[in-house]
Amino acid sequence: MSTTPDIQDTEPVEPTEAVAQDDGLGTKDRAVRRATPEPATDLLPTATGRRTRAAARELLRPDRALAVRSGLVLVAATAVGLLTQPLLGRIVDLVADAARGTRDVSPGVLTLPVVLLAVVALVQGAATSLGMSMVAKLGESVLARVRERFVERALTLPADRIERAGAGDLTARVTSDVARMSEAVRSALPELARSSLTIVLTLVALAVLDWRFLLAALLAVPVQAWTARWYVRKAIPLYSRQRIANGAQQQQLLETVGGADTVRAHLLEDEHTERVADRSHEAVRLRLRGVRLVLGFYGRLHIGEYIGLVAVLFAGLVLVREDAVSVGTATAAALYFHNLFGPINAALVLLDDAQSATAGLARLVGVTDLPDETETDGRSAAGSAGDPDAAFVSVHGISHSYGTSSPVLHDVDLALREGEHVALVGTSGAGKSTLARILAGVQPPTRGDVRAADRADSRPAAVLVSQELHVFAGTLAEDLRLARPGATDDELRAALATVDALAWAEALPEGLETVVGEGAQGLDAAKAQQLALARLVLADPLVAVLDEATAEAGSAGARLLERSARAALDGRTALIVAHRLTQAATADRVVVLEHGRVVESGPHERLKDAGGPYATLWAAWSGKRDAAPAHD
């Protein structure tokens with residue numbers, strides 16, 4: 001029996017532009033800007049075939065004993081099942097002898113082989129069920145290991161690496177690729193193991209009956225082997241192209257829908273619709289090529305089956321005429337070969353699933369094998385913003401560039417004293433967000449290092465709160481406990497009260513137990529940011545980093561969020577990327593970045609009157625505020 005495998009996989013194609021700098025655009029505008037270039041090749045790596053096989057062995061190593069036991073049980077189950085054909089052959093011989101009159105066959109004579117057939121069926125069924133469950137358990141253990149390693153590595157990837165690849169690529173790996181592997185582990189792997197054993201042991205059984213039956217059956221092997229090789233040679237590049245095409249389609253849809261408001265505002269509907277259509281047509285075209293490939297695969301496969309069956313039947317005819325074997329033995333040989341159709345077809349069909357699962361594993365291993373980029377050269381440079389000797393946390397000689405683009409930071413030194421609030425200001429593109437992410441540990445620098453004072457407690461070193469808002473799906477309490485899993489309800493309420501969010505939180509239908517996030521209770525931008533600030537309070541990091549954390553709230557919520565941010569930062573060391581210079585005015589020290597370099601550092605009042613870059617920024621911002629107070 002043959003079934004057509006489903007040839008499709010999903011791999012988003014990455015946008016070419018790494019948008020990790022201060023560009024002055026909102027989130028939706030950046031999505032449209034990233035959507036403009038054609039998709040690049042896969043920026044997140046894929047492991048080689050050799051490395052993928054080595055990784056599979058590493059993943060199996062902890063469960064070697066289970067693998068051996070499950071293999072032995074399946075061998076026993078298959079061997080018992082192969083007794084069926086000789087028993088049927090024995091019945092044929094008894095009936096044939098009775099027809100020729102050479103033996104009297106009473107009903108009792110046939111009872112034994114019939115009872116044995118029933119016993120064989122029961123034993124084989126029980127052993128196969130046990131073996132398949134053991135193989136499935138083995139597969140699930142391996143799959144869990146893969147997931148854990150992937151998620152652990154993905155969470156430590158530099159932010160710019162993820163942005164260059166596009167969110168769709170990482171999402172597809174942890175969803176589509178893992179789903180493919182899950183499907184293979186739960187169905188394909190156990191069935192492939194059973195089918196492979198059946199094929200091998202059936203060929204051995206044919207040799208036991210008569211070696212000439214085995215030779216006849218092997219006439220089908222060259223056709224089947226050539227078919228499998230032809231299919232694999234065609235399928236692997238086709239799978240790769242399908243992933244790229246499907247990924248391009250998914251990435252374009254994500255970015256077009258995510259930036260729908262800006263797409264409409266700039267009258268780009270037709271352009272984006274055409275892009276989605278083009279990438280959809282390419283995905284459909286490659287899928288149809290896959291269907292044609294599968295049809296050709298089965299056509300060639302059936303030719304091999306018919307060649308083998310004719311050869312075995314002809315061998316049986318010759319051997320029976322020469323009295324070399326009995327009619328029952330020839331019948332058993334024909335049944336053996338005919339019963340190979342199912343396992344061979346299953347094994348070759350599962351070759352498709354195996355290719356897809358292997359490709360998925362290669363993509364997951366490609367991420368887990370990424371080198372740790374947190375190591376830096378420790379280089380230090382002159383011109384620091386602050387006293388490094390008194391620093392609670394500091395960055396030294398930091399330079400950074402995204403990919404092969406021009407550096408966005410140049411030999412930056414910055415030191416923060418314990419309890420100090422430092423405001424980082426500058427024009428769009430100055431490198432503020434990049435420096436903030438480096439200090440927070442989210443983005444490893446290209447050169448330089450981050451140093452912190454030795455601490456005996458277990459508090460997190462740094463927590464970053466940015467303008468990128470996200471409310472995790474689940475109850476409000478669960479969302480807050482992401483920062484401190486063991487926090488009590490009273491501690492959650494205290495954190496919310498600190499950032500002036502307790503009133504609206506308790507006003508939700510179920511209070512802290514209200515389900516929030518996508519598809520549930522919605523939170524506006526200001527509430528979502530207050531939630532992030534409450535998590536900051538619960539995490540209680542050594543250093544808090546706010547990257548324009550009030551920028552997405554709009555004017556109406558700006559003052560509220562600034563109060564919430566000040567309360568959340570009270571008593572802790574903080575670096576604040578200041579979107580509004582009122583934040584800089586209340587900071588202990590202001591650091592001005594210009595073209596990736598520290599150009600000024602000092603208290604607000606002194607810099608404001610110094611006539612330098614900060615004074616220019618302050619004058620421009622104050623003039624805009626005075627001209628349009630309603631938009632402050």
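Me: Angles over 145 degrees between N-to-C directions count as roughly antiparallel. In this predicted model, why are α9 and α11 given that description?

Reply: The axes of α9 and α11 cross at roughly 165 degrees and come within 9 Å. That angle is over 145 degrees, so α9 and α11 are roughly antiparallel to each other.

Me: Which hand does the crossing of α9 and α11 have, left or right?

Reply: α9 passes α11 in a left-handed crossing. The contact of α9 with α11 divides into 16 nonpolar, twelve polar and ten charged residues.

Me: What makes α8 roughly antiparallel to α11?

Reply: Helix α8, residues 211–218, packs against helix α11, residues 269–321, at an angle of about 155 degrees, and the axes are 7 Å apart. An angle over 145 degrees counts as roughly antiparallel, so α8 and α11 take that label. Their crossing is right-handed.

Me: Which residues make the contact of α8 and α11?

Reply: From α8 come Arg-212, Phe-213, Ala-216 and Ala-217, and from α11 come Gly-308, Ala-311, Val-312, Ala-315, Gly-316 and Leu-319.

Me: How many residues of each class does the contact of α8 with α11 have?

Reply: The contact has seven nonpolar, two polar and one charged residues.

Me: Which residues of α15 and α17 meet?

Reply: On the α15 side they are Glu-491, Leu-492, Ala-495, Leu-496 and Thr-498, and on the α17 side Ala-534, Val-537 and Leu-538. By class, this contact has six nonpolar, one polar and one charged residues. Glu-491 is charged and Thr-498 polar under the class rule.

Me: What makes a space in the protein a cavity, and how many cavities of 30 Å³ or more are there?

Reply: A cavity is a set of points where a 1.4 Å probe fits but cannot get out. The count comes to two cavities of 30 Å³ or more. The second largest cavity holds about 40 Å³ of space, which is above the 30 Å³ limit.

Me: Which residues line the second largest cavity?

Reply: The lining consists of Arg-180, Glu-183, Ala-184, Asp-353, Ser-356 and Ala-357. α7 and α12 are the elements that give two or more residues to it. The classes are two nonpolar, one polar and three charged. Arg-180, Glu-183 and Asp-353 are the charged ones, since Arg, Glu and Asp count as charged.

Me: What is the volume of the second largest pocket?

Reply: Its volume is about 1,000 Å³. Of the 39 lining residues, Thr-52, Ala-354, Ala-357, Thr-358 and Leu-361 are closest to the centre of the second largest pocket.

Me: Which helix gives the most to the lining of the second largest pocket?

Reply: α12 does, with ten residues. At least two residues each come from α2 (49–60), α5 (107–154), α7 (167–209), α9 (221–258) and α12 (327–368). By class, the pocket lining divides into 25 nonpolar, eight polar and six charged residues.

Conventions. Residues numbered from 1 in each chain as written. Predicted model: local features only at pLDDT ≥ 70, side-chain atom pairs only at ≥ 80, totals over all residues. Heavy atoms only, no water. Axes fitted to C-alpha atoms, helices over the stretch in contact; angles between N-to-C directions. Helix = DSSP H or I, 4+ residues; strand = E, 2+ residues; numbered from the N terminus. Parallel < 35°, antiparallel > 145°, perpendicular 65-115°, else oblique. Left-handed = near helix turned anticlockwise from the far one by under 90°. Contact = heavy atoms within 4.5 Å. 1 Å grid on protein atoms, 1.4 Å probe; cavity = no way out; pocket = protein on both sides within 12 Å on 5 of 7 lines; lining within 4 Å. Points joined across faces, edges and corners; volume = space filled by probe spheres on them.
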